[in-house]
Amino acid sequence: MKEVTIYTDGACSGNPGIGGWCAILMYKDKKKVVSGYNKYTTNNRMELFSVIEGLDQLKEPCTVNLYSDSAYVVNAINEGWLASWEKNLWRKSGGEVKNVDLWKILLIKLGQHNVNFIKVKGHSDNVYNNECDRVARNEIKKASE
């Protein structure tokens with residue numbers, strides 16, 4: 001199984017507001033950057049969307065090391081929140097789970113690949129996380145024009 005590295009990030013101007021997302025995929029010496037925007041969304045939706053779009057680029061099952069600065073996304077996977085939400089029919093102690101549509105899509109993608117979620121510190125010295133952030137913010141600027 002191929003091993004791929006993916007960095008993802010989402011950003012939002014206002015929350016909700018105009019959002020941008022980016023995923024950087026790396027395999028051997030190849031690098032691919034995908035990005036886009038949504039005119040009315042939230043930061044958490046853009047974080048999730050960047051992960052889905054990154055995984056969607058893969059044409060066959062892969063082992064993926066996925067780096068994100070989103071505690072929302074990484075903890076939902078690594079702390080078992082997502083499995084619990086699904087088991088409890090998308091309810092949690094505080095009420096309904098938000099972004100269920102995207103979580104369901106992500107579950108499908110996770111079934112296709114072996115994904116290891118790794119939390120990185122945002123806006124620090126991680127080159128690829130910083131590049132994702134810059135691209136996502138540029139998407140917001142494009143959407144605002």
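Which residue just after α2 takes a positive phi? Gly80 does, at about 80°. This is a predicted model: local features need pLDDT of at least 70, side-chain atom pairs count only at pLDDT 80 or more, and totals for chains, interfaces and linings use all residues. Residues are numbered from 1 along each chain as its sequence is written, and side-chain values use heavy atoms, with hydrogens and water left out.

Now α2 itself, residues 71-78. Helices here are DSSP runs of H or I, at least four residues, and strands are runs of E, at least two, numbered from the N terminus. The buried residues of α2 are Tyr72, Val73, Val74 and Ala76. Buried means under 20% relative accessible area, with a 1.4 Å probe and protein chains only. Their cover includes α1, β4, α3, α4 and β7.

Next, Ser50, in helix α1. Ser50 is buried, at a relative accessible area of 0%. Leaving aside neighbours within four places in sequence, Ser50 is in contact (heavy atoms within 4.5 Å) with Thr8, Asp9, Gly10, Trp21, Cys22 and Ala23.

Last, pockets. A pocket is an open set of points on a 1 Å grid over the protein atoms alone, where a 1.4 Å probe fits, with protein on both sides within 12 Å along at least five of seven lines; lining residues have an atom within 4 Å of a point. Volume is the space filled by probe spheres set on the points, which are joined across faces, edges and corners. The largest pocket has about 260 Å³. Of its 13 lining residues, the closest to the centre are Val4, Leu25, Tyr27, Gln57 and Leu58. The second largest pocket holds about 150 Å³. Tyr72 is one of its lining residues.

Technical notes
Buried means under 20% relative accessible area, exposed over 50%, partly exposed in between (1.4 Å probe, protein chains only).
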